[in-house]
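Please look at the sequence and the model together.

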Amino acid sequence: MGKFSKWLEEKLLPLANKIAKQRYLKAISNTFMTIIPFLTIGSIALVLVSPVASSADLEPGLFKSFIEGWERLANAIALPVGSIYTICMECLSIFVAAGIGYFLSQHYKMKGFTPTILSVISFLILGGLYGGFEKTWDYAGGTGLFTAIFSSIISIELLRFLLNKNFGKISLEGHGVPEALTESFAMLFPSVVVLLCMSILHTVVSTATGATFPALMQTIMSPLLSATNSIFGGVILVFLVMTLWWFGIHDTAITGPMGAFWAVALSANMAAYAAGSAANNLPYVITEPFWWFFIMIGGSGATFGLVFVLMFVCKSKQLKTVGKLGLIPAFFNINEPIIFGVPMMMNPLMYIPFVGVPVLNCIISYLAMSTHIVNATIAYPGWNMFCPIAALISSADVKAMILVLALIVIDALIYLPFIKVLDKIKLEDETKEA
């Protein structure tokens, strides 16, 4: 453990810190954190208008009556609620393009709204047109996310370069002109160059390959997307995130940038489900709701079960108090009282369960979904919803809730022997101090 810790401190931690501060990854991470409310609203709207079964295929009984009621509700709200789903989820890439353009331009201290609009137009040129001038909305949703990321970064970087060179600068300062107009005119000619570059790129790709730019990006990124959806990719990601957390690097340093991959996966699941695919036979297992509701149950380290161990098993006043203080936040997947109160970070005794419990949750949940025992996720109720309930909503499957409840018990049992040792140490220290 000593050599491993030293290697992590000397090699991995500096790299993780650099990743956490990298401007593109921060812009992507901030964008996906900003649009979480709309992912939540859109995904719940889909669940409301899409009953999990057809009443015509069911035997008479309570469940058939429930589905019939759901079908009547879905028919009644199909237009207003279905519209929310359509716009929130099928325009996702447009929102991402705007978000990255905004956060990256803020990083460079660019003024005005022009950079944000420019990044959206750049995306629409690359992702909103077929080979010629024919418009398409095929890539406005999750299938265009990688194009949105690429086009936004390139457009803002090119804009910054031209502005720094004072290319075609029109200065209206000091003439009583409103600031918004001053800034937009200063970016007029640089914006022309940026859009011309995007148009040329669109033309070259469509002419040379006969495909759209988003289709090319999907081809390039598909191996990486497949890797992130595999059980091995999931386990490696969990291990890396939790190890870094144990050393004090917040999990968002890694999970933030993963939002792009998870959003593509969830969007594909939702589209397949809306098109009529069975919820237990969807293309992706590892999505953002899978991460928060099936792996990190109660927060990073999957500490929901640990709270009850602290409350009912520990004799140490410190640990018992930490358990009581952490109970209510744990229902909302907030576990800082546990992480810092036990503590979990930099505690050699807690490294194995802190990392191992989420890894085990990942393996069990992945196998349950990949073998079609439990439905894959089709909705994102929000990271701070109580995990068993969120699992039920996100997958529209009672078995998912049962799975998470079982995992909570398993997690508690794994934490138990480690906490008992720590409790003995803490109790001895408290007795000496008394």
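## Basis

Helices (H or I, at least four residues) and strands (E, at least two) are DSSP runs, numbered from the N terminus. The model is predicted: local features need pLDDT of at least 70, side-chain atom pairs count only at pLDDT 80 or more, and totals for chains, interfaces and linings use all residues. Residues are numbered from 1 along each chain as its sequence is written, and side-chain values use heavy atoms, with hydrogens and water left out.

## Surface patch

Ile 200 lies in helix H9. Ile 200 is exposed, at 52% relative accessible area (buried is under 20%, exposed over 50%, partly exposed in between; 1.4 Å probe, protein chains only).

Ile 200 belongs to a nonpolar patch with about 780 Å² of accessible area together; other members include Phe 167, Leu 181 and Val 204. Helix H8 (179–186) and helix H9 (188–209) each give two or more residues to the patch, and H9 gives the most, with six. Patch residues have over 30% relative accessible area and no salt bridge, and nonpolar side chains are joined within 5 Å. A salt bridge is a side-chain nitrogen of Lys or Arg within 4 Å of a carboxyl oxygen of Asp or Glu. Areas come from the Shrake-Rupley method with a 1.4 Å probe.

## A buried asparagine

Asn 361 is in helix H17 (residues 351–370) and is buried, at 0% relative accessibility. Beyond four places in sequence, Asn 361 has contacts (heavy atoms within 4.5 Å) that include Phe 294 and Asp 411.

Methods:
Patch = residues over 30% accessible without salt bridge, like charges linked within 9 Å, V, L, I, M, F, W, Y side chains within 5 Å.
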